[in-house]
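Come along and follow each entry with the model beside you.

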Amino acid sequence: IRKERLNTLQPTGFNSIFSDMVRPFQQMFQSANQSLKSSDMLKEARLRIMDSDVVGAKLGRPLQVSAPFSQSSSMSSVNGKKASKVRARFQIGGPYGTGVATMDSVDGEIRSLVVDINGSTVRVGPRQKGKKKNVVEAEILEE
């Protein structure tokens, strides 16, 4: 009976044991990597909002962007293709009022960034590379 029972047990190989030991660490590193991406996305969203002429005109300058008051993230895998999604909401304010920004990103890329200000929605696009701010230089000459 003992020999028959031993033969019916499924052998667990080194690969099975090793993958079970490594899985928690993989999940931990994936979570840490997602947190870094999320942090980078929030920085990019802040920069886009600060550079937005429309948001600046509605709220005034200087703009202040707070830390997220709501943030969620998820990872999915469909047919072996993994995707990570992050959604964050944070408050922004200026001398003329306040608004709430909502950022949605997929795989480390901002897909949507909108700011709600007094019932109107402002879509904030990508930052303009090489965008020049109006800079006035003045030199005072005394006679």
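Predicted model: local features only at pLDDT ≥ 70, side-chain atom pairs only at ≥ 80, totals over all residues.

**Entry 1**

For my own reference, buried means under 20% relative accessible area, exposed means over 50%, and partly exposed is in between (1.4 Å probe, protein chains only). Residues are numbered from 1 along each chain as its sequence is written, and side-chain values use heavy atoms, with hydrogens and water left out.

Which side chain does Arg127 meet in a salt bridge? The partner is Glu44, at 3.4 Å from N to O. Here a salt bridge is a side-chain nitrogen of Lys or Arg within 4 Å of a carboxyl oxygen of Asp or Glu. Glu44 lies in helix α2 and Arg127 in the segment after β6, so this pair ties together parts that are 83 residues apart in sequence. I took helices (H or I, at least four residues) and strands (E, at least two) as DSSP runs, numbered from the N terminus.

I noted that the structure holds 4 salt bridges. Glu44 also meets Arg48, with 3.2 Å from N to O. Both Arg48 and Glu44 sit in helix α2 (residues 14–51), 4 residues apart, which is about one turn of the helix. Is Arg48 buried or exposed? Arg48 counts as buried, at 13% relative accessibility, while Glu44 is partly exposed at 21%.

Next I turned to Glu109, whose side chain meets that of Arg111 in a salt bridge of 3.8 Å, N to O. Glu109 is partly exposed, at 47%, and Arg111 counts as exposed, at 56%. Back among the shared partners, salt bridges join Glu44, Arg48 and Arg127 into one network.

**Entry 1: Gly125**

Gly125 lies in the segment after β6 (120–123). I found Gly125 partly exposed, with a relative accessible area of 38%. From C-alpha to C-alpha, Gly125 and Arg111 are 9.3 Å apart in space, and they are 14 residues apart in sequence.

**Entry 2: Ser105**

Where does Ser105 lie? I found Ser105 in strand β4 (residues 97–106). Ser105 counts as buried, at 3% relative accessibility. Leaving aside neighbours within four places in sequence, I listed the contacts of Ser105 (heavy atoms within 4.5 Å); among them are Met41, Val86, Ile110 and Arg111.

**Entry 3: how the strands pair**

I followed strand β3 (residues 81–94) and its antiparallel pairing with β1 (residues 64–65), which are joined by 2 bridges. Two strands pair if DSSP finds at least two bridges between them.

How many bridges pair strand β2 (residues 70–78) with β3? I read 9, in the antiparallel sense. Ser76 stands opposite Ala83 in β3. β2 and β3 form a hairpin with 2 residues between them, and Asn79 in the turn has a positive phi of about 50°.

Finally, I checked β3 against β4: 10 bridges join them, and they run antiparallel. A hairpin joins β3 to β4 through 2 residues, and Gly94 stands opposite Gly97 in β4.
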